[in-house]
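Visitor: I would like to go through this model with you. Please show it to me, and give me the criteria behind each label.

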Amino acid sequence: MKNIKYNIGQIVFLKTDSEQLCRMVTGIVIRDNYCLYYLTNCTIETAHYEIEISAEINEIIKFIS
C-alpha cells in the first residue's frame with residue numbers, strides 16, 4: 001500500500017503557487033503507484049500529486065512574486 005504523506009484536514013501549500021495560499025486536504029485517492037490529493041481553498045477544490053504539495057509555506061516564492 002502507498003504511504004500517505006498528507007492527512008485529511010491538514011493545511012498544505014502548492015510549491016508553485018506565487019501567493020502561497022493555505023489549502024486543506026479534503027480528499028485522497030489511492031492508486032497503485034501514486035496518491036492524488038484533493039485540496040480546498042475557500043470553495044474551490046483541486047486535485048494534485050504529492051510532488052506538487054508542501055507542508056511548509058515557501059516564503060521566497062511568495063516574496064519574489
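Visitor: How many salt bridges does the structure hold?

Guide: One. A word on the source first: this is a predicted model, where local features need pLDDT of at least 70, side-chain atom pairs count only at pLDDT 80 or more, and totals for chains, interfaces and linings use all residues. Residues are numbered from 1 along each chain as its sequence is written, and side-chain values use heavy atoms, with hydrogens and water left out.

Visitor: Why is the pair aspartate 17 and arginine 23 called a salt bridge?

Guide: The term asks for a side-chain nitrogen of Lys or Arg within 4 Å of a carboxyl oxygen of Asp or Glu. Here the N to O distance is 3.1 Å. The pair therefore qualifies.

Visitor: What makes the link between the side chains of arginine 23 and aspartate 17 a polar contact?

Guide: That label needs a pair of N or O atoms within 3.5 Å; within protein, one must be able to donate a hydrogen and the other to accept it, and residues adjacent in sequence count only if both atoms are side-chain atoms. The two side chains are at 3.1 Å.

Visitor: Is arginine 23 buried or exposed?

Guide: Buried means under 20% relative accessible area, exposed over 50%, and partly exposed in between (1.4 Å probe, protein chains only). Arginine 23 has 13%, so it is buried. Aspartate 17 is buried too.

Visitor: Why is tyrosine 38 called partly exposed?

Guide: Its relative accessibility is 27%.

Visitor: Which residues does tyrosine 38 contact, beyond its neighbours within four places in sequence?

Guide: Contact means heavy atoms within 4.5 Å. The partners of tyrosine 38 include Met24, Val25, Glu45 and Thr46.

Visitor: Where does tyrosine 38 lie?

Guide: In strand β3, residues 35-41. Strands (E, at least two residues) and helices (H or I, at least four) are DSSP runs, numbered from the N terminus.

Visitor: Why is β3 described as largely enclosed by the rest of the structure?

Guide: Because five of its seven residues are buried.

Visitor: What makes up the largest nonpolar core?

Guide: Eight residues: Tyr6, Val12, Leu14, Val25, Cys35, Tyr37, Leu39 and Ile53. β1 (11-14) and β3 are the elements that give two or more residues to this core. The largest share, three residues, comes from β3. The term means a set of buried Ala, Val, Leu, Ile, Met, Phe, Trp, Tyr and Cys residues joined through side-chain atoms within 4.5 Å.

Visitor: What is the order of the strands in the sheet?

Guide: Five strands form an open sheet, β4-β3-β2-β1-β5, with antiparallel pairing. Strands of a sheet pair through backbone hydrogen bonds, either parallel or antiparallel.

Visitor: Why are β4 (44-49) and β5 (53-54) called edge strands?

Guide: Each pairs on one side only.

Visitor: How many bridges pair β2 and β3?

Guide: Six, in the antiparallel sense. Isoleucine 30 stands opposite cysteine 35 in β3. A hairpin of four residues joins β2 to β3.

Visitor: How many residues lie between β3 and β4 in their hairpin?

Guide: Two. Cysteine 42, in the turn, has a positive phi of about 60°. β3 and β4 pair over six bridges, and the bridge partner of asparagine 41 is isoleucine 44 in β4.

Conventions. Two strands pair if DSSP finds at least two bridges between them.
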